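Here is my note on the model, written for someone opening it for the first time. Please keep the structure on screen while reading.

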Amino acid sequence: MSEDSDSFCSDGIDLEIDSFPVATTATLSLAALLWVVLLEGWLPMPMAGVDAPMSAPGVPELIGTTNGLAGVGAYLLMWGTMMMAMMLPSLVPAVRRFSAELCGPIHRTLPPVVAFFGAYALAWTLTGVVPLAVDTLVSIRSLAVGGGPLFVAALLTLAGAYQLTPLKRGLLERCRGCLGVCHRPTVTDGLRHGFGHAVKCIGCTWALFALMVGLGSMNALVMVGLTLVVSLERLAAESERYALATGAVLLAGAVLAIAVTVSGPFAV
C-alpha cells in the first residue's frame with residue numbers, strides 16, 4: 001500500500017497483513033481451486049446423446065445447445081469457471097491495486113473485493129453465450145470434424161492476425177494497466193471496476209478464446225497453453241513483444257495446418 005493509504009488505515013485492517021500478500025495469495029489459491037474443479041470433472045454436465053469426450057472440439061457447446069435450459073446453465077457454469085481459472089493469475093496486479101485502497105474492519109473491506117471478483121466473473125461468464133449462439137446457428141463440432149486442418153488454420157489465422165493489430169496492443173495496455181481506483185472503494189465501486197476491467201480483458205483476448213473453442217473448450221492442454229500466453233502478456237515487462245511473438249507463432253501454425261491439408265487427406 002502507498003504511504004497515504006497507510007496513514008488512513010493505521011487504525012484498521014487491510015488486505016496485506018504484516019507484509020503477507022493476502023490479496024495475491026487469495027487470488028492464486030482461488031485459481032488453483034478452480035483448476036482442480038475443472039480437471040477433476042466436478043461440474044455437472046448432461047452427456048445425453050453425446051458419444052465424444054468433453055475435450056473434443058465442439059462437444060461442450062453441443063451439450064449446451066441440445067439439453068435445454070439445463071444444458072445452457074451447465075455450459076455457462078463450466079465456461080465461467082474455466083475463464084476465471086485461466087484469467088485469475090493475470091488478474092493479480094489489478095486485485096492488488098484494488099485491495100491497496102481498502103482499509104477498515106474486515107466487514108467493510110471484504111464486500112468490495114467480493115463485488116470486484118463477482119462482477120469480473122459475471123462478465124466472463126456472459127461471454128459463454130457467444131459460442132452457444134454460434135453453435136445454435138452452425139455446429140462447431142461439424143465444422144471441426146468436417147473442416148479438419150483448414151478449420152484450425154482459419155482460427156489460427158484469426159487469432160494470430162489479431163495479435164498483431166494496434167487494437168490488440170491498445171487493449172492489452174489498458175488491460176494490464178493499473179486501475180484508477182478511488183480511496184476506500186465501495187461495493188458499487190467494486191462492481192464497476194470488476195466489470196469494466198473484464199470488458200477490457202475480453203476485448204484483448206477474444207480471438208484467443210475463439211481459437212480455444214475451435215480446438216476444444218475443455219482441452220486441458222489448450223487451456224494451460226492459453227493461460228500461460230495470457231499471463232505472460234499481462235505480467236511480463238515486455239508484454240507487447242510476447243503478444244507479437246504469439247501472433248507470429250499462431251500464423252506459422254496456420255501455414256503448417258494448410259500445408260498438412262495440401263500434402264494429403266486428413267483422417268478424423
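The points below go from the overall fold to single residues.

1. Ground rules. This is a predicted model, in which local features need pLDDT of at least 70, side-chain atom pairs count only at pLDDT 80 or more, and totals for chains, interfaces and linings use all residues. Residues are numbered from 1 along each chain as its sequence is written, and side-chain values use heavy atoms, with hydrogens and water left out.

2. Overall fold. The protein chain has 12 helices and 0 strands. Of the 268 residues in the protein chain, 47% are buried. Buried means under 20% relative accessible area, exposed means over 50%, and partly exposed lies in between (1.4 Å probe, protein chains only).

3. Contacts and surface. Take the contacts in the protein chain between residues at least 6 apart in sequence: 80% of them join residues at least 24 apart. Contact means heavy atoms within 4.5 Å. The accessible surface of the protein chain is about 12800 Å², and carbon and sulfur atoms account for 70% of it. Areas come from the Shrake-Rupley method with a 1.4 Å probe; for residues, only the protein chains shown count as cover.

4. The record. An unreviewed UniProt entry annotates "transmembrane region" at residues 20-38, 72-92, 113-134, 140-164, 206-230 and 242-267. Its positions are given in the numbering used here, feature names are shortened, and annotations may be inferred rather than shown by experiment. Two of these spans deserve a look. Residues 140-164 are 92% helix and 0% strand, with end C-alpha atoms 26 Å apart. Residues 206-230 are 84% helix and 0% strand, and there the end C-alpha atoms lie 11 Å apart.

5. Helix H4. This helix covers residues 68-100 and contains Thr 81. Is Thr 81 buried or exposed? Thr 81 is buried, because its relative accessible area is 10%. Leaving aside residues up to four places away in sequence, Thr 81 touches Leu 34, Val 37, Leu 38 and Leu 43.

6. Aromatic pairs. The whole structure holds 4 of them. One is Tyr 75 with Trp 79, a stacked pair at 6.0 Å centre to centre and 25 degrees between the planes. The two sit 4 residues apart in helix H4, so about one helical turn separates them. Both Tyr 75 and Trp 79 are buried. Another pair, Phe 116 and Phe 117, is edge-to-face, at 6.2 Å and 85 degrees. Phe 116 and Phe 117 are buried too. The rule: rings of Phe, Tyr and Trp (its six-membered ring) pair if their centres lie within 6.5 Å; planes under 30 degrees apart are stacked, over 60 edge-to-face, and the rest tilted.

7. The search finds 5 salt bridges in the whole structure. Each is a side-chain nitrogen of Lys or Arg within 4 Å of a carboxyl oxygen of Asp or Glu. Glu 240 and Arg 169 form one, at 3.7 Å from N to O. Glu 240 lies in helix H12 (residues 239-263) and Arg 169 in helix H9 (residues 166-176), so the pair ties together parts 71 residues apart in sequence. Glu 240 is partly exposed at 42% relative accessibility. Arg 169 is also partly exposed, at 28%.

8. Other salt bridges. Asp 189 pairs with Arg 192, their closest N and O atoms being 3.0 Å apart. They are 3 residues apart in helix H10 (residues 187-215), so about one helical turn lies between them. Asp 189 counts as buried at 11% relative accessibility, whereas Arg 192 is partly exposed at 49%. Glu 233 and Arg 234 also meet in a salt bridge, at 3.4 Å from N to O. Both of these residues are buried. A network of salt bridges links Lys 168, Glu 233 and Arg 234.

9. A nonpolar surface patch. Val 130, Val 134, Leu 137, Val 138 and Leu 143 form the patch, with about 440 Å² of accessible area together. Patches take residues with over 30% relative accessible area and no salt bridge; like charges are joined within 9 Å, nonpolar side chains (Val, Leu, Ile, Met, Phe, Trp, Tyr) within 5 Å. Helix H6 (residues 129-137) gives the most, with 3 residues. Val 138 lies in the loop between H6 and helix H7 (140-147). Val 138 is partly exposed, at 38% relative accessible area.
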